[in-house]
Amino acid sequence: MISRTTMMNRRAFAANAGLGAGSVALRSLFASDLDPKTHALAPHHPPTARSVIFLFMSGGPSQVDTFDPKPELAKLSGQDVPDSLAKNVPRIKRAGLANLLASPWDFQRQGDAGIAVSDLLPELGKHADELCVIRSMTHRNPVHGPGECVALTGTSIGDRPSLGAWSLYGLGSETQELPAFITMNLHTDGMQFPQAAGWNPGFLPSKYQGTVVNPAQGILHAKLPANVSTTQREQELQAIQEMNRKFYSSTKLNELEARIRSYETAFKMQISAPELFAIKQETAETHDLYGCNEKTTREVGRACLLARRMVQRGVRFIQIRVGGWDAHGNLKGNHEKMAARTDRPIAGLLSDLKRTGLLQNTLVVWGGEFGRTPTMEGRSGGRDHSPSAYTTWLAGGGTRGGQTVGHTDPIGYTVTERPVKPLDLHATILHALGIDAKQLIYDHHGLQENPLGVTGGSVVSEVFSST
Amino acid sequence: MENTGAGQEVRSGHWKRNGLATERFTINGTGGRNNPLRKPLQSPFSDGEIFVRFNLRYDLSGLDSPPEATGEFFVLWLDESEGTDGSPHAANIPNIGIHVHNNQNRFMIRYNSTNQKFAEPLQGNRNYAIVARLWKSSPKKLEPFDQLSLWIDPQETQELDPDISVQNRKSISTLKWIGFATGAKTEIEDQIDVWDIRIAKSWREVMDLPVEPADPNYAPDMEQPPAKKTVSFRQHIHPILSKHCYSCHTGEDAEAGVRLDTLDEVMQHVSLLRHADSQLYKVLIDGTMPPEGSSLSSSELQQIATWIDEGLDWDLNLLPVPIPTSEHWAFQPITRPIIPAPNKSTTSQTAPSEWVRNPIDAFIAAKHASAGLTPNESADPRTLQRRLSLNVHGLPPQADSDSHDFDINSMLSSPSYGQHFARRWLDIARWAESNGHQHNRDRTHAWRYRDWVISAFANGIPFDQFLREQIAGDELPESRPSQLIATGFLAATRYSGNELDKQIQRNDILVDITNTTASAFLGLTFECAQCHSHKFDPISIRDYYRFQAYFISGQPQNLVLSDNENSAELATKRWTLFNEVEQRLLRTRRKQGYPEPIQVTPTNVVAQMRPVEKAAFKRMNEQLSSLGQTWGFYSPSTASRRLTVAPHEMRWQLPHDPSLLAKLRGAILIRGDLRARGPEVRAGWPLVFGAASAENQTRLELANWLTDKQNPLTARVWVNRIWQWHFGRGLVETSNDFGTQGARPSHPGLLDFLASELIDHNWDTQHIQKLILASATYQLASDTSDKSLKIDPDNRLYWRWTPHRLQAEAIRDSILEVSGRLNHHHGGPGMPQESNRRSIYLRQKRDNLPEQQILFDSANGIITCARRRTSTTALQPLWLMNSEFAQAAARDFAERAKNIETAIHIALHREATPDELQSLGQLEAEFGLSSACLAILNSSEFLYIP
């Protein structure tokens, strides 16, 4: 097994042979390195996924109304959480114990494996045999911002690298014409502000940060200005590069060489990025599959379709953040609206990935920063935040569909079996990409950092097909 | 609660009468000292706080009006001893009552004649309800009741707002008696009625408010250990540990880093009060430990279990808190080094004495000599002028000056200097203008701190003052507005408005402030010690929480700058109205059956206001916002004066609550877990630097220690930052980590020389900068030499100048400058991205920073950033070529320059080369001059400090 440090040194030595610089210098050179020869790196073990599409359902979808059926909840509706269960509920804020609220939706056992999916998500239900449903996700932070940081960076502070940044650090980029980590933030109305930590590089060099893309606009500034032709740009680039080569030769600074290459890449991106976003090329049937033609589903549908196109073009990590699941009042209205926005596009994505064969090596992840309480919040007909037990599902990328992992108590409040922490999920996702998270080392001021930090995490191995 | 109509009977109808409060007493004076009514408490009282209450009516006919007569004296006292009928109580005993002040009979609280405060005048024939709170700032049995507050006819929401308060450390620590006394001024004909006298343990109790569910926001959320311990450390536990554990698990090199010879470390391995969940117990019961020798007997195991369940009894005489020592270079005193003499004996051409312009060069030359390096020639005047301008001002030199002369003094007195260097400090201060986290509301007054930092650099305020005002501005004797603004450093922390758990909310802020302060001024990474004693540096978990305790009694607030009695009264009225309506809303919801705990947002409260209240509230908010405010850090119990706090936008705020703040105590959180509260600690700096004062627990004390000439770190850390800001890399490369894991200085002597210079020149930052800028080292050409590259490829020994990229702000500002669009207006609230002001004035909203800052590696305003990276991505050229900003700049630049020669001169301060004239000329011919100008703006030469 080759540690990331070894890979990096090997690469840096190749790039700077004979300079004999110390290791700190190597890293600082590497930070500004854009050498195309060294883009994709060798994984630790054979990967089962080449790309990840993380469908981040921000606000916290309710587990007991989606993928974790609790018939007991209907029986106890209106009552307090029984003492026998209440004693296990962590004493954190928002963990109300009064007035259990039955799910307004029925559940159906779907597919050959009979995975239960609620009537809220009929289209996704048809893909039940693709889903590996982890019902035992758990952490302790019941607040959106820090919770989102926990879900995407492993800790609540928001200063550590995001999962996407780690995956780039570990594997590099397969595309030289597009950013390798792209994040799309949808439905960010209300107070559902995206946490930049979710795509930030933390202490990793900023080349690993996610590029925020508006699905309707494409990559910012990738399009030539209206009055500039490709010929003009080519000549401008030529003039710029001439000046830059001259400046480089007088200073021999590596980062200036990297600057020269960055203009070449940018030029390619000007062509390939608009091409990526030209979804008109897709058939009418495909547009329909993702719900691109309907108002409710258009935004998520477009993003999902783009995600598939990104996967095809070698983008490593795609994050689609759909805000709005925060059903404090009127659970029914909120979740119906959110399901209407997402059910068909996400089901469409799974269908499309499957029929194109991409699902085999594309890992799709669905889940929020936490779930919701089985009790009613106040008297509003909604549910409060609850990180004690919530559901995330995986599909494709070597995972075994049609199975559930973990168990929750009879009302879905706490995990009773096989708790999975966000960092366990991260270890699992990285594992699918061929990365052993414990071996992925970054030297941060002398601290040997890895994606699992001080608290650690381990791969949920049962999600993968038995090999 | 409402007044019961007739007369001014205050609430007596609702009083339960029991104990002391069963009767109404009429007291007459004697014209001498007298002690007419007294009673022992049921049991002696020495806990943290006690409330007393009595109703009072002073007969008008007996009331003297001084100075004609002598006035009145009447008090309720609390004491250890009863006294006798005629005997007075000693000084320093808390008294609550009436005394003459400025020719009026006024309500009064006093310990003695120098520790007394007066409130409103007493009116005769009127019923008063008097409430006092007597409490200990350190709630320990033997600590004094040093705090006394008084309310006259209080409202139930007024807990945080007593009429007067007084302090005295010499007060008693135990109460046994309570009683009333009259004095020489109380004549025989005076008739004083007191009734409903009672004592209570809380405000709610003394005010007859319904008992609320325990407030989880402040009560430590943990079980209390049993008061009586059956297992003694010395007698039972120490022998067990000595026998089975101490051969491996003691001292700094303890096996597996597990040491059991200090309480703080033992705590890390147990779950307090729960032996079954404790790692220490588990490894003993399952036989993992001890790995060799005999296992523990069942009675020994039982004693360990009980020891844990009883809260870990310890004997500090037997095993005291260890005082760490360290050989680490950065913790040793700074001594002024001898300046190396120019090396004449060497055979190479190294370090000619004429190369050395000032002591900096002497240190640099000495290393050149030993490495066999020959430094470059000095850069040409044009390059130097560009270097200085871009490095010191963040802008290219003015194009209209044909001379390449420069005057360092005048460069450092230009406003551009302050604007450019302030940004570097703002990186370290993780400053931004919004709260961060989910709601991320704007901090509309935070800009004042930015302007303060700019003016601090521009006016050259000494670094010790710079530090002191930021850490303790509210505690400085005058706490002037500029000093309050400086506390924006502490207040720049993120603050989650969506956090209902007040303990977490406060803890997150404290952790951030502790870590930021330690790395900003001490260059130490404290964060590891939050959960466990530092693995590498001699910083224990106790040190961490002692350091944190300096900040515990304060919080970020909007502070009114020009405050006076009127603004204070305005703010009080505003808060009182808000609190009243909030209480009303809570009562309503409670009646409606909302489950506890009932949460209401500020918006809910405002919505609940009656039209008259709403109008008044709106008016008061407007009046408050018309007063100058700043986003600062304020600790009511340690500030030098009482400040007026204005509201801020936030959904779930920390309570505006001076008395609760004063009650907060630092404590070790076991493994950093807020729910595992360990022993309380007093404020102090890390023990490796010596003991802190146990008396003075203020941030000012911390600031004084930090700026003490003996402090080994502060000056070194600061001069290293200055060096980094000029050369792109510090003498210590890890400029926020001077600990054992940080880099060692490349030039230790030079670092200490600069640190000594700083201290000896009154902490004058510009003195250091002038030394640097005037040195031959700073002025080296950037040319490469194969020989030198081979010896020192990274230029760690400064044989040449290493060009480095402009920072994000300077890139944008330089483009604006050459295109003639830079708006030099300065100061004031943050500007939108479209503004043409310098980038430092663009609004810094967390998670939504201006685009070019994100693209070009700016600090993120979340955690302290000591050194920005330089990353190179393809998105940068896209912005530099395609953005509307770049396109517009290129057009304006073209319009200004009129031709390529001038454009090159404006942007690069040199003649155009024939090659450039040809390639750029072609662009101009085919696509217009703006196309050529765009190319120039994209050139590395334009974007790098040469």
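A:Leu121 sits in the loop between strand S3 (115–118) and helix H5 (122–125) of chain A; helices (H or I, at least four residues) and strands (E, at least two) are DSSP runs numbered from the N terminus. This is a predicted model, so local features need pLDDT of at least 70 and side-chain atom pairs count only at pLDDT 80 or more, while totals for chains, interfaces and linings use all residues. Residues are numbered from 1 along each chain as its sequence is written, and chains are lettered from A and ligands numbered from 1 in the order in which they are written.

**Around A:Leu121**
- A:Leu121 counts as buried because 25 other C-beta atoms lie within 10 Å; the cut-off for buried is 20 or more such atoms within 10 Å, with exposed at 12 or fewer, partly exposed in between, and C-beta atoms placed from the backbone.
- Setting aside neighbours within four places in sequence, A:Leu121 is in contact with A:Thr66, A:Ala339 and A:Asp343, where contact means C-beta atoms, placed from the backbone, within 7 Å.
- A:Lys332 is 211 residues away from A:Leu121 along the chain, yet their C-alpha atoms are separated by 13 Å.

**Chain A**
- Chain A has 13 helices and 16 strands, and 58% of its 467 residues are buried.
- Of the contacts in chain A with a separation of 6 or more, 76% come from residues 24 or more positions apart.
- Helix H6 (residues 144–153) of chain A is mostly covered, with 10 of its 10 residues buried.
- Those buried residues of H6(A) pack against helix H7 (163–171) and helix H13 (422–432) of chain A.

**Chain B**
- Chain B has 32 helices and 19 strands, and 49% of its 946 residues are buried.
- Along the principal axes, the C-alpha atoms of chain B fill a box of roughly 105 × 80 × 55 Å.
- Helix H6 (residues 359–371) and helix H22 (residues 748–760) of chain B pack at an angle of about 170 degrees with axes 9 Å apart; axes are lines fitted to C-alpha atoms, for helices over the stretch in contact, and angles run from 0 to 180 degrees between N-to-C directions.
- That angle makes H6(B) roughly antiparallel to H22(B), since angles over 145 degrees get that label, with under 35 roughly parallel, 65 to 115 roughly perpendicular and the rest oblique.
- B:Pro359, B:Ile360 and B:Phe363 of H6(B) meet B:Gly749, B:Leu750 and B:Phe753 of H22(B).

**Where the chains meet**
- The contact takes 56 residues from chain B and 63 residues from chain A.
- On the chain B side, the elements giving two or more residues are helix H27 (875–882), helix H30 (914–927), helix H31 (929–937) and helix H32 (940–943).
- H30(B) gives the largest share of that side, 7 residues.

**Nonpolar cores**
- The largest nonpolar core has 171 residues, and A:Val52, A:Leu55, A:Ala307, A:Ile320, B:Ala903, B:Cys933 and B:Leu937 touch the most other members; such a core is a set of buried Ala, Val, Leu, Ile, Met, Phe, Trp, Tyr and Cys residues joined through C-beta atoms within 7 Å.
- Apart from that one lies another core, of 152 residues, including B:Met267, B:Ala365, B:Tyr449 and B:Tyr545.

How values were computed:
Contact = placed C-beta atoms within 7 Å.
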